[in-house]
Amino acid sequence: MVNSVVHKAGSSSISGWLNGLLGVIIFSGSLPATRVAVLDMNPFFLTFLRASIAGVLAIMLIFVFREKRPHVSQIMSLIIVSLGVVIGFPLLTAMALQHVTSAHSIVFLGLLPLTTAIFGVLRGGERPKRAFWIFSVIGSMLVMSFALSQNASVSLTGDLLMLVAVIACGLGYAEGAKLTRVLGGWQVISWALIISLPLMLVASCITMPATFSNIGTSAWVALGYVSLFSMLIGFIFWYKGLAIGGIASVGQLQLLQPFLGLGLSATLLHETVSSLMVFITLGVILCVIGSRQFAR
């Protein structure tokens with residue numbers, strides 16, 4: 001009986017980490033894609049349109065699988081998810097990427113595991129061990145050291161926007177993971193998108209440019225990626241991973257996202273990835289090894 005329980009717990013942990021890793025891989029392309037899109041699109045229009053497209057797809061999913069409506073008591077949690085990951089993070093990062101490169105902004109994602117873990121405690125009732133917080137804080141300090149070491153040409157506005165973005169995202173991740181235990185991963189992000197859809201559609205019309213002639217093919221492709229993968233598919237795996245493996249524990253996988261994102265920025269956008277960026281990124285990745293052991 002004991003061996004069966006241990007095996008089941010181990011399988012859940014592995015499943016949680018695999019789902020979480022797939023989510024992180026998908027999300028790693030979000031900032032580079034957003035950077036491409038905002039070169040031709042207004043960040044507000046991009047944010048509202050990507051949420052509208054994903055919201056329409058979410059309605060189709062709910063209709064096809066005939067999912068029941070969420071309980072009234074769950075609506076507030078869905079609104080928090082929507083404000084955090086449907087509106088807050090996409091809009092703030094799109095605004096930030098008008099001031100900084102995607103390579104620079106990606107390093108700030110090293111703060112996401114810490115903010116997610118904090119909200120996991122506040123909203124999800126998790127209680128990681130003290131050593132977990134030590135490793136998480138070290139990783140976050142490495143990220144902040146990078147930001148402070150940059151020269152004056154780096155935009156303070158862009159950095160502040162990225163900081164607020166990761167706080168909003170951490171809240172949305174933790175709240176969504178808590179709700180996933182009841183509703184299911186794809187259901188949570190779908191209902192969050194549907195709740196915000198009326199506002200997003202109106203906002204898209206208001207911020208729509210007078211002409212689309214200045215929007216290139218690459219921007220449209222980037223819009224497609226952030227709409228389909230960043231706003232919907234990625235969350236299906238990510239929320240499931242957080243719910244199964246633990247918000248604080250699986251959330252540490254986000255430390256891998258900067259590494260993957262920097263590679264995409266260098267490969268697809270030909271942006272400069274400095275040795276300092278690589279050093280900081282490797283440093284925060286090492287922190288996930290330590291924090292993983294003390295997440296529960």
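Is Phe212 buried, partly exposed or exposed? Phe212 is partly exposed, with a relative accessible area of 36%. Here buried means under 20% relative accessible area, exposed means over 50%, and partly exposed lies in between (1.4 Å probe, protein chains only).

## Before you start

This is a predicted model: local features need pLDDT of at least 70, side-chain atom pairs count only at pLDDT 80 or more, and totals for chains, interfaces and linings use all residues. Residues are numbered from 1 along each chain as its sequence is written, and side-chain values use heavy atoms, with hydrogens and water left out.

## The overall picture

The protein chain has 13 helices and zero strands. Both kinds of element are DSSP runs numbered from the N terminus: helices are H or I with at least four residues, and strands are E with at least two. Along its principal axes, the C-alpha trace spans about 65 × 50 × 30 Å.

The radius of gyration is 19 Å, close to the 19 Å that the globule rule gives for 296 residues, so the chain is as compact as a globular protein of that length. That radius is taken over C-alpha atoms, and the globule rule is 2.2 Å times the number of residues to the power 0.38. Of the 296 residues, 54% count as buried. Contact means heavy atoms within 4.5 Å. Among contacts between residues at least 6 apart in sequence, 91% join residues at least 24 apart.

Let's turn to helix α2. Nine of the nine residues of α2 are buried, so this helix is largely enclosed by the rest of the structure. Among them are Leu31, Pro32, Arg35 and Val38.

Two packed helices are described by the angle between their axes and the distance between the axes. For α2 (residues 30-38) and α10 (residues 217-245), the axes come within 8 Å and cross at roughly 145°. The axes are lines fitted to C-alpha atoms, for helices over the stretch in contact, and angles run from 0 to 180 degrees between N-to-C directions. The crossing of α2 and α10 is left-handed, a term used if the near helix is turned anticlockwise from the far one by less than a right angle, with right-handed used if clockwise. On the α2 side, the contact is made by Ser30, Ala33, Thr34, Val36 and Ala37, and on the α10 side by Ser218, Ala219, Ala222, Tyr225, Val226 and Ser230. These residues divide into seven nonpolar, four polar and no charged. Ala, Val, Leu, Ile, Met, Phe, Trp, Tyr, Cys and Pro count as nonpolar, Asp, Glu, Lys and Arg as charged, and the others, Gly among them, as polar.

Ala219 is worth a look on your screen. At 0% relative accessibility, Ala219 counts as buried. Leaving aside its neighbours within four places in sequence, Ala219 is in contact with Val36, Ala37, Asp40 and Met41. The C-alpha atoms of Ala219 and Leu46 are separated by 9.8 Å, although the two residues are 173 apart along the chain.

## Aromatic pairs

A search of the whole structure finds 12 aromatic pairs. Rings of Phe, Tyr and Trp (its six-membered ring) pair if their centres lie within 6.5 Å; planes under 30 degrees apart count as stacked, over 60 as edge-to-face and the rest as tilted. The rings of Phe45 and Phe212 have centres 6.3 Å apart and planes at 35°, so this pair is tilted. Phe45 lies in helix α3 (residues 43-64) and Phe212 in the loop between α9 (185-207) and α10, so the pair ties together parts that are 167 residues apart in sequence. Phe45 is buried, with a relative accessible area of 3%.

Phe212 also forms a tilted pair with Trp220, at 5.8 Å centre to centre and 55° between the planes. Trp220 is partly exposed, with a relative accessible area of 34%. Elsewhere, Phe27, Tyr173, Phe235, Trp238 and Tyr239 form one aromatic cluster.

Ser102 is found in helix α5 (residues 102-107) and is buried, with a relative accessible area of 0%. Leaving aside its neighbours within four places in sequence, its contacts include Leu31, Pro32 and Arg35.

Arg66 sits in the loop between α3 and α4 (75-96). Arg66 has a positive phi of about 50° although it is not a glycine, and at 77% relative accessibility it counts as exposed.
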